[in-house]
Structures are given as structure tokens and as C-alpha cells.
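User: Hey, I've just opened this one and I'm new to it. Can you walk me through a few spots?
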Amino acid sequence: MLWNIIKKQGLIILRNPQELLLLLALPVLLITILSTALGNWINGESQPITLQVAFLEHEAEEVQVERFLQDMEKVLPPDVLEQIRTNIDHMAPINLLKESVLENETVQEFIKVEYINPSERERVLADDSYTSLIEVPENFTYDTLSNLIGNKDEQPAFLIIQNEGHQSGVSIIHRILQQFQEQMTLGKFVEDNQLDMETLQLDEESIKSEIVTINEKEPVTSQAYYTLGMVLMNVLFIASAIGSIAYNEKRMHVLDRIIVANVSRWVYFLGIWISGTMFAFIQAIIIFTFSRFVFGVTWPGLTGFLLVTLAFSLAVGGVAVLLVSLSFRGNSESIIHIFSGIIVTVFAVLGGSFAPVGEFSKTIQFIGNLTPNGASMTAYLTILRGEELGAIGNQLIYLVCFGLAVVVIAILCFPKRGVSS
């Protein structure tokens, strides 16, 4: 009789295409979407950043440099002036900014600089694709050289117009220009105090270092992570599916006829637990097999994988029994709908099915591990990272105890005076 109850539950699910679509096709679709959309985040990769920067000079630097040298001829000795002419390319600020920063190969990988004329200024300001506009006023280079060589008090500055809609890009540009300014200030300090620049440089060869990786683990791909997340979330729907089947049988007096046939109601409940466990296990294996052939998700330890899947399935079977007991006691299917519509979603979020939220808070991680799917997620990830079977012992014990505990609660909650209203 026990086998007949299990067989009956399976046939009802197989004959319901909508239920099969929810249990099998939906998780496969979600795995594909989430692993593609959020793959870079899970894999620890960053999206490429391209910043568009406009650079506007109101007066050519060459003109200002020549004017400065002509003025210096009137006040400096010829030998000093000749030395300045020789090194002027390394002193002109805009030339330094272009060569060392804006036209640097590394910087050009993520910053695209467009040199514009004053007539194009309004066009750039109206274009939201630009991160910043660097505007160099007239006499900037002349005033800067006067400050460096002539020790004048003037502090020249150029204007940076920022696009507040590109906050991250604005911060990057600001930091780059700030570092450039610091280098210019350092150079002037060294010159004013007649210091040797080499004394301020770090001798990297004198520092010996070694990089040692501690507790190295295998990385988990986005496809593997979201396979786990969607399996663990959608397998929970098996509990609500079986609960709905059992409640409909109660309403149609099928269970009454089973009891009249001298079959213990506890045999019926045992059949629900076994069928819930069995179908949860089969559903998980089907989706994992799909991910194996489509996404290449493999398991380094098959024994650990099967043990976790079985333990989680036992917990889901226990939840199915609890839902049946509560719906019978309340003579309502509302608890089943609440579980499938709200509780499963809450469990999925806390358990990390959509994102590894436990990494941001130890409290959330602890609460998530109290859910059957959260404990299973931790165990599965441990296996995927190549750790030993003993590392998942606590999760296995918890899942089995969770399944037994909810079955005991279901027995205590089951109505004592019959099963029909």
C-alpha cells in the first residue's frame, strides 16, 4: 500500500504539465538568465569601464612657453636660460599631463580623451556621454612656469566640469588629476630644497617578498552557483505541490476511503514523506544533469554531492508532511499557498539563491544556514571548492535533523479526531 501511495503521487504530478513546467523548465530558464546577467559579479570579474573625457585648451601651450622664455631673457643669465630651454618640455604642465597621464597606454584602456576647440564646448556640456570636461584657461602654462621658476605667488588652476550622472567615473578622473598635482608639487619641493630625487624613490630591488596562498580553494563559476541557487529554491516547490495534492484528496474524501480500507493514516503520511523525498531528489538530479551537459558544471566529489542532495531531499519531504498536517488541521490550503508564494522566496533570499548575501553580513549568513536550502548551499559550495567530505558534516547532520524535526511537529499538529471536516 505504501508503494501505491507513492506511485499515485507521482502519476498526479506527471499528468500536470503546468506543475512539471514549474518544477523543471523554470529553474533551467532562471539558471541561464541569472548566470549570464550576474556572471561577472559571482566570478569576481569587473565590467570594463570606458570614460569619455573632453580636453579644452583656450591657448596653445607652445605659444605660452615661447612667451615665457622671451620674458625670462630679460631677467635671467644666458646660461640659466639655456638650461631652462633644454628642460622646458619636462616642465610644461599640459605636456606632462598629456604624455604621462592622458596618453599613457594603461590609462587609454579605460579613458578616451577628445581634444576639442572652444567652439565645441557647449556641445560637450550638452552630451551626457562625457564624464568630465577638463578646461585649461589662457596663460595657465605661463603662470605655472612663472610659479615654478620665478617663485611667484600665483596659483594657476584649470577647470574640471563633472557629469554628476557618472559618479564613479568622476571619482576616477578626480583621483588621477589629484595624483598628477601631487607629483608636480613634489617636483617643486625637491627643486626648491635642492634634494636628490633618487633619495625619494623606493628601491624596489632591495625589498624581497614572496606571495603565499593560504587555504587555496577552487573558484565557483556563475553557472555552478546559480545552478545550486535555482535547484535549492525550486525543489522547495515539491513540498507545496505534494501538500496541494494531499489536501485535494482530503477534500475529495480519497483519504477517508484509504482509512476505511484499513490503512493507517500514518502509512499515508509516511508515503507523503517518502514521495516528497524521492521526487525532490529526482528533480535535483535532473536539473544538475542538465547543468552538467549544458554549462559544464562538474562535481569533484560525487559522494558528497549525493549525500547533500539526499539530506536536502529528506528535509523537503519533511516540509511536505508539515504542510499537509497544517492544512488538514486548519481545513484550508492557505498555509500551502503562503509557503509557495512567500516563504520559499524568503528562504531563497536568505539562503543565497539569488546572490551570496551571507558574504555581507555574518548575521544573515547564520540565519540563512538555518534554512534547509541555505545549509545545503553551504555544503554544495564547500564540495565545489574542493574541500574534504568531513567539512560538510555539520550541514548533513543539520539537514537530517531538520527533516526529522518537522515530521515530529507535523505529527503533533495533525488533528486527532479524524481527517475530514
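User: Let's start with α19. Which residues in α19 are buried?

Analyst: First, a heads-up that this is a predicted model. In α19, the buried residues are Gln395, Leu396, Leu399, Phe402, Gly403, Val406, Val407 and Ala410. They sit on the same side of α19, because together they cover an arc of only 125 degrees around the axis.

User: And what's exposed on the other side of α19?

Analyst: That side has Asn394, Ile397 and Leu412, which are exposed. As a general point, an α-helix has 3.6 residues a turn, so residues three or four places apart point the same way.

User: How many residues does α19 have, and how far does it reach?

Analyst: Helix α19 covers residues 393-413, so to speak a run of 21 residues by DSSP. From its first C-alpha to its last it reaches 30 Å, close to the 30 Å expected at 1.5 Å a residue.

User: Where does UniProt place the feature "transmembrane region"?

Analyst: The UniProt record, an unreviewed entry, puts that feature at residues 20-42, 224-247, 267-290, 302-323, 335-355 and 396-414.

User: What does the chain look like over residues 396-414?

Analyst: Over that stretch, 396-414, the chain is 95% helix and 0% strand, with 27 Å between the end C-alpha atoms.

User: And over 267-290, how much is helix and how much is strand?

Analyst: For residues 267-290 the figures are 100% helix and 0% strand, and the end C-alpha atoms are 34 Å apart.

User: How far apart are the C-alpha atoms of Ile274 and Leu314?

Analyst: They are separated by 8.1 Å, and the two residues are 40 residues apart along the chain.

User: New topic: cavities. How many are there of 30 Å³ or more?

Analyst: The count comes to one cavity of 30 Å³ or more. About 50 Å³ of space lies in the largest cavity.

User: Which residues line the largest cavity?

Analyst: The lining is made up of Val53, Leu102, Ile111, Ile134, Ile173, Ile176 and Leu177. By type, that lining divides into seven nonpolar, no polar and no charged residues.

User: Which helix gives the most to that lining?

Analyst: Helix α10, residues 167-192, gives the most, with three residues.

User: How far is Gln181 from Leu97?

Analyst: C-alpha to C-alpha, Gln181 and Leu97 are 9.4 Å apart in space, while in sequence they are 84 residues apart.

User: What about Ser132, buried or exposed?

Analyst: Ser132 is buried, with a relative accessible area of 3%. Its place is in strand β3.

User: Now the loops. Where does Asn139 lie, and what's its phi?

Analyst: Asn139 lies in the loop between β3 (130-136) and α9 (140-149). Phi of Asn139 is near 65 degrees, a positive value in a residue other than glycine. At 30% relative accessibility, Asn139 counts as partly exposed.

User: And which loop holds Asn331?

Analyst: Asn331 lies in the loop between α15 (302-330) and α16 (334-351). Its phi is also positive, near 50 degrees, again in a residue other than glycine. With a relative accessibility of 35%, Asn331 counts as partly exposed.

Definitions and conventions
Residues are numbered from 1 along each chain as its sequence is written. This is a predicted model: local features need pLDDT of at least 70, side-chain atom pairs count only at pLDDT 80 or more; totals for chains, interfaces and linings use all residues. Side-chain values use heavy atoms; hydrogens and water are left out. Helices (H or I, at least four residues) and strands (E, at least two) are DSSP runs, numbered from the N terminus. The expected span of a helix is 1.5 Å times one less than its number of residues. Buried means under 20% relative accessible area, exposed over 50%, partly exposed in between (1.4 Å probe, protein chains only). The arc is that of the directions from the helix axis to the C-beta atoms. On a 1 Å grid over the protein atoms alone, a cavity is a set of points where a 1.4 Å probe fits but cannot get out, and a pocket is an open set with protein on both sides within 12 Å along at least five of seven lines; lining residues have an atom within 4 Å of a point. Grid points are joined across faces, edges and corners, and a volume is the space filled by probe spheres set on the points. Ala, Val, Leu, Ile, Met, Phe, Trp, Tyr, Cys and Pro count as nonpolar, Asp, Glu, Lys and Arg as charged, and the others, Gly among them, as polar. UniProt positions are given in the numbering used here, feature names are shortened, and annotations may be inferred rather than shown by experiment.
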